[in-house]
Every structure is written in structure tokens, then in C-alpha cells.
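Please read them alongside the sequence and the coordinates.

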Amino acid sequence: VAQSQTPSFKCENAEAEVLQLICATPELAKADRELAWLYQRSQILSADTAAGREAERAFLAQRDAGPPDVFVLLRLYEGRLQALRDQLAAQSAALR
């Protein structure tokens, strides 16, 4: 499996049904990898890393508590990805 088709975590360690679904669904795996990259970027540029960690923990808790449904998870990931993109744009603008 190409790296771009794997999530940010090791699938062989995924026991939860939601995580197994992410591993089995290329779109979810890609979204997970992108989210991890954006999160790392936002933390590097952030003046308040604790808030970023808290937002990420809240997202992960919501993801893990939700139903193992591809469409629900995609919408959840899309929302978090957009929030991180917006945050990065604001952080980049502040650096100029």
C-alpha cells in the first residue's frame, strides 16, 4: 500500500472499528494523513499549542465515539480539515 493511501497511524494496531474503517477506506486514510500533516504544521506555527492539542483531542474523541460510517467520518474529517486550513491561513497571514 502506498504511503498516500495509509492513515497517520499503524493499521496493524487498529482495534477499534472506526480505526479499521479508516484503514480500509482510501478516502478516509488520505483525510487522516492530511489532517495529521496540517495539525503538525499548525502546531509549529501556533502561539498557543495547548489550544491546538485540545481541539485535536476533541476531534479524536468525537471521531472515536461516532458510528463506524464512512460518510459520517468523511464529513467529520472535512470539518476538521477546513478548520485547520483556516487556522494555518490566519497563522501565515500573521507572520507576514
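1. Aromatic pairing. Rings of Phe, Tyr and Trp (for Trp, its six-membered ring) pair if their centres lie within 6.5 Å, with planes under 30 degrees apart counted as stacked, those over 60 as edge-to-face and the rest as tilted. By this rule the count comes to one aromatic pair. The partners are F59 and Y77, whose rings are edge-to-face at 5.1 Å centre to centre, with 75° between the planes. This pair links distant parts of the chain, since F59 sits in helix α3 (residues 49–65) and Y77 in helix α4 (residues 70–95), 18 residues apart. Helices here are DSSP runs (H or I, at least four residues), as strands are (E, at least two), and they are numbered from the N terminus. Both F59 and Y77 are buried, where buried means under 20% relative accessible area, exposed over 50% and partly exposed in between, with a 1.4 Å probe and protein chains only.

2. Basis of the values. This is a predicted model, in which local features need pLDDT of at least 70 and side-chain atom pairs count only at pLDDT 80 or more, while totals for chains, interfaces and linings use all residues. Residues are numbered from 1 along each chain as its sequence is written, and side-chain values use heavy atoms, with hydrogens and water left out.

3. Helix α2. Helix α2 (residues 26–45) has 20 residues and spans 29 Å from its first C-alpha to its last, close to the 28 Å expected at 1.5 Å a residue, the expected span being 1.5 Å times one less than the number of residues. Its buried residues include L28, D32, L35, Y39 and Q43, and what covers the buried residues of α2 includes α1 (17–24), α3 and α4. By contrast, K30 in helix α2 counts as exposed at 54% relative accessibility.

4. Where in the chain does Q43 lie? Q43 belongs to helix α2, and at 14% relative accessibility Q43 counts as buried. Leaving aside neighbours within four places in sequence, Q43 is in contact (heavy atoms within 4.5 Å) with T49, G52 and R53.

5. Nonpolar core. A nonpolar core is taken as a set of buried Ala, Val, Leu, Ile, Met, Phe, Trp, Tyr and Cys residues joined through side-chain atoms within 4.5 Å. The largest such core has 18 residues, and those with the most contacts inside it are I22, L28, L35 and Y77. Helices α1, α2 and α4 each supply at least two residues of this core, and its largest share, seven residues, comes from α4. Not counting residues up to four places away in sequence, L28 touches L21, I22, V70, L73, L74 and Y77.

6. Disulfide. A search of the whole structure finds one disulfide, defined as a pair of cysteine sulfur atoms within 2.5 Å. It is formed by C11 and C23, whose sulfur atoms are 2.1 Å apart. The pair links distant parts of the chain, with C11 in the segment before α1 and C23 in helix α1, 12 residues apart. The torsion about the S-S bond of C11 and C23 is about -100°, so the disulfide is left-handed. Both cysteines are partly exposed, C11 with a relative accessible area of 29% and C23 at 21%.

7. Salt bridges. Side chains of opposite charge can pair when their charged atoms come close. With a salt bridge defined as a side-chain nitrogen of Lys or Arg within 4 Å of a carboxyl oxygen of Asp or Glu, the whole structure holds five. In one of them E34 pairs with R85, the closest N and O atoms being 2.8 Å apart. Because E34 lies in helix α2 and R85 in helix α4, this pair ties together parts that are 51 residues apart in sequence. E34 is partly exposed at 28% relative accessibility, and R85 is partly exposed at 34%.

8. Further salt bridges. E56 pairs with R80, with the closest N and O atoms 2.8 Å apart. E56 lies in helix α3 and R80 in helix α4, so the pair ties together parts that are 24 residues apart in sequence. E56 counts as buried at 8% relative accessibility, and R80 is buried with a relative accessible area of 11%. R63 forms a salt bridge with D64, the closest N and O atoms being 2.7 Å apart. Here R63 is buried at 7%, whereas D64 is partly exposed at 44%. Salt bridges that share partners join D32, R63 and D64 into one network.
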